[in-house]
Amino acid sequence: MQRRKERVDRGIKVRAGDVFALCSWREMIYLAAPRLLPIAVCLLLPPMLGAYWQKVLLSVAVFALLAISWDLLAQAGMISLGQALFFGMGAYVAGVLNRYAGIHPFITMPVASIAGGVICTLLLLPVLRLRGIYFSMVTLILPLMFVRLIEATRIIGGTEGLSSITPLPSRWIELYLILAVFLFALFGFRRMLASDYGLVWKGISDNDRAVMNAGINIYWFKIQALFIASCIGAFAGAFMTHVYMFVGMPVFALDYSILPIAAAVVGGSGTLAGASLGAFILVPLSEILRGIGGLRIVFYGIFLVVFIVALPEGIFHYIQRKYHQFERWVEVK
Amino acid sequence: MFLGTVVYAVINSVILALMAIGFNLTFGITGVANFAYGSLYVFSAYLSWMLLNWLGIPFLLSAAVSILVTMILGALMYRFILLRVRGQALSEVIATFGIGLAILELFRYFGMVGFEYTLPVFVDHSLMIAGVYVDMQRVLIVVIGLALIVALWVFTHHSSIGLAFRGIAQDERTALTLGIDSDWIATLSVSLGAGLAALAATVIVPLGSIAPAEGYDVLIKALAVCIVGGLGSTGGVIVASFAIGFAERFTDTYLSSHWTMIVSLAAILLVLAIKPSGLFGKQKELEERI
C-alpha cells in the first residue's frame, strides 16, 4: 500500500480570499495577523530591550535590508554574491560627504543612497548581459577589488578609513529610523513584486528570452532592478557609517555579502518576508554564539549546508504552507 | 633582475596552474561547482602535517594517505550534499562554500597558524638558473605541474572516463542515454579534483607555511585561472596561468606588492565583461550572455 501526502487549503483561507473576509473577526484576523506581526515587533520590541540588544536589533534591520535588496535582485534573475559592493559604496559616499563637506546625516543618507545606487548601477552596466553564475562572479570580485584599490592607492582614508563622522541625534531616532525604513521596504517592495511590474522581473528570471519575445526591453528592467536594489544596500551602508561614526575598508568585507544570502536561504527567497525572517534568526543567533569565538563561523557554515540540503524552500515558505493548508496522508489507488 | 623576474614568473605561473588544475577538472570540465576546493587544499596540508609530526609517519607516506583521505572526503561530499542540490548552480555554490567555510574556520579556531606548520621539501638543494638561485623544490614544482597538465589533457581527451567527464558537462541527458552514469562520473570528478588539490598542497606548501587564509586565496586564484582560460579548456589553463603569473610577478617587482592581487582580479573582470567563456572556452554562448 502506497501513501502520498495531500495538501488542502484550510476553509478559512478559502473564505478569507473572498469578499466574505469582512464578515467575521476571525477571518479579518486571519488575514491581518501575518501583516501586523512584524509591525508590532518593530514598534514594541525596542523599549523592552537593553542597550546591547538594541544594537543587535539595529544590525538585524540593516542585514534584513541587505537581504531584501539581495532578494529583489534575485527576483530579476541576477544572483549577487557581493551585496558588500552596494553597502560599501553607500557607506563611503556618506562618509566622504560628511567628513569633507560637513553635511548633516539626514541629508547625506538619502544622497548617499541615490548616489551609491547610481555608481553601482553604472559599475555593473557593462556586465548586465551576463547571466547566471557569470554575473555572480563579477559581483563577488568587485568588492574584493575595491578593498585592494583603497589599500594600494590610499585614497579616502586608505587603510585607516575616515573616523569622527557625525552620529545621528539619539539612539532612539537611530533605531526607529532603520526599523521604519525596513518596514517600508518590506511592505512596499512586496506590493511592487505582486504588481504587473514585478511580474516582468519574475519573467526575466524564469525565461528572459521569452520576455524579450514579448517585446519587452529586459535590459531596461534589469537596470531598474539593479538601481532599486543597490539604493537599498547603499542606504544600509550610509546608515551604518553614521552609527559607527567610522567608515573604512571593513565595509567591503565578505560578511555583508554572505549574511544576506544566508538569510535569504534560511528564510526562503522570493517573498522578501522570508529573507527578513532569515535575518531576524541569523543575526541574533550569531550574537548568542559570539561567546564561542571563531567556532561560530563553523556553525554558520554547517547551518547553511543543512538548510540548503534539508529545507531548500526556506522557513518562511514552510510556515506559510502550514498557515494556509493542512496535510494528510491518502492512499494511492 | 629582469631574467630573474622571468624565472620566478615562470615558477609562479606553474604554481598557479597547479592550484587551478583540480578546480578546472571539477568545475571547468565536469561542471560541478566545488567551492570547498581551497579548504580541501588546506585540509590535506594540515592532515599530512599532523600525520608527519604527531604520528611520526614518513613524509611521502603521510602525503599519500592525506591525498587518499581528501579524495574520499570529496566523494562523500558529493554523495551526501552536492547530489541533493545538483543542477541548481546557486545552491551548489552555497552548499560547498558553507562546507569550505566550516573546515577553514575550524582550523583557524584551533589556532594552527605559524611557521612551524609547514611540510618538508623533497630535496634540499638549489640550482643556478639564468643568474638566480632556484631551489630544487621550485624546479620540481615546474616539472610536476607541467607533467600534470599534460596528463590531464590526455585523460580528458583520450580516456573513456575523461570523455564522460566532458560529456555530462555538455548535455547530461544525452550522456545518460549513452550509458554514462552521470552521478558516478560527477562523484569521481569531485573526488579527483579534491585529490589534485591535495597533491598541489603537498608540492606547494613546503615553499611557505599552512594557514587557513590560504584556502580563500587558493580558491580565488583557481577561479581566476579557470575563468580567464575558459571553462572546460586545458590549454586555457596554461595560457591563463602564465598570463596571470607573469603579470603578478612583474607588478610585484616593478610596481608594488599591493597591486599584485588587483591585477588578477582585474583580469577576471575584463575577461568576464568581454568574453565570459574565457580566452579558449568553447561553451554555450547563449547560456552565459543574453
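I started with the strand pairing: β1(A) and strand β4 (residues 325-331) of chain A run antiparallel and are joined by seven bridges. For the record, strands pair if DSSP finds at least two bridges between them. Helices (H or I, at least four residues) and strands (E, at least two) are DSSP runs, numbered from the N terminus.

Housekeeping before going on: this is a predicted model, where local features need pLDDT of at least 70, side-chain atom pairs count only at pLDDT 80 or more, and totals for chains, interfaces and linings use all residues. Residues are numbered from 1 along each chain as its sequence is written, while chains are lettered from A and ligands numbered from 1 in the order in which they are written.

**Strand β1(A)**

Within the pairing, I found A:Val8 opposite A:Phe326 in β4(A). Then I checked burial, where buried is 20 or more other C-beta atoms within 10 Å of the residue's own, exposed is 12 or fewer, and partly exposed is in between, with C-beta atoms placed from the backbone. Strand β1 of chain A (residues 3-9) has seven residues and zero of them are buried, so the strand lies largely in the open.

I looked up α4 (residues 83-101) against α11 (residues 255-267), both of chain A: their axes come within 7 Å and cross at roughly 125°. Axes here are lines fitted to C-alpha atoms, for helices over the stretch in contact, and angles run from 0 to 180 degrees between N-to-C directions. Under 35 degrees counts as roughly parallel, over 145 as roughly antiparallel, 65 to 115 as roughly perpendicular and the rest as oblique. That is why α4(A) and α11(A) are oblique to each other. The contact consists of A:Gln83, A:Ala84 and A:Phe87 from α4(A), and A:Tyr256, A:Ser257 and A:Pro260 from α11(A); residues are in contact if their C-beta atoms, placed from the backbone, lie within 7 Å. By class I get four nonpolar, two polar and no charged residues for α4(A) with α11(A). The classes: Ala, Val, Leu, Ile, Met, Phe, Trp, Tyr, Cys and Pro are nonpolar, Asp, Glu, Lys and Arg are charged, and the others, Gly among them, are polar.

Next came α12 (residues 273-288) and α14 (residues 315-324) of chain A, whose axes come within 8 Å and cross at roughly 115°. α12(A) and α14(A) are therefore roughly perpendicular to each other. I listed A:Ala273, A:Gly274 and A:Leu277 on α12(A), and A:Ile315, A:Phe316 and A:His317 on α14(A), as making the contact.

**Positive phi**

Most residues other than glycine have a negative phi, and I noted two exceptions. A:Met245 has a positive phi of about 55° and lies in the loop between α10 (218-244) and β3 (246-247) of chain A. A:Leu272 has phi near 65°, in the loop between α11 and α12 of chain A. Buried or partly exposed, I wondered about A:Leu272? A:Leu272 is buried, with 27 other C-beta atoms within 10 Å, whereas A:Met245 is partly exposed, with 15.

**Chain B**

The contact of the chains takes 32 residues from chain B and 35 residues from chain A. On the chain B side, α4(B) gives the largest share, 13 residues. That side divides into 23 nonpolar, three polar and six charged residues.

Last, I looked at B:Val65, which sits in helix α3 (residues 59-80) of chain B. B:Val65 is partly exposed, with 16 other C-beta atoms within 10 Å.

Key
Two residues are in contact if their C-beta atoms, placed from the backbone, lie within 7 Å.
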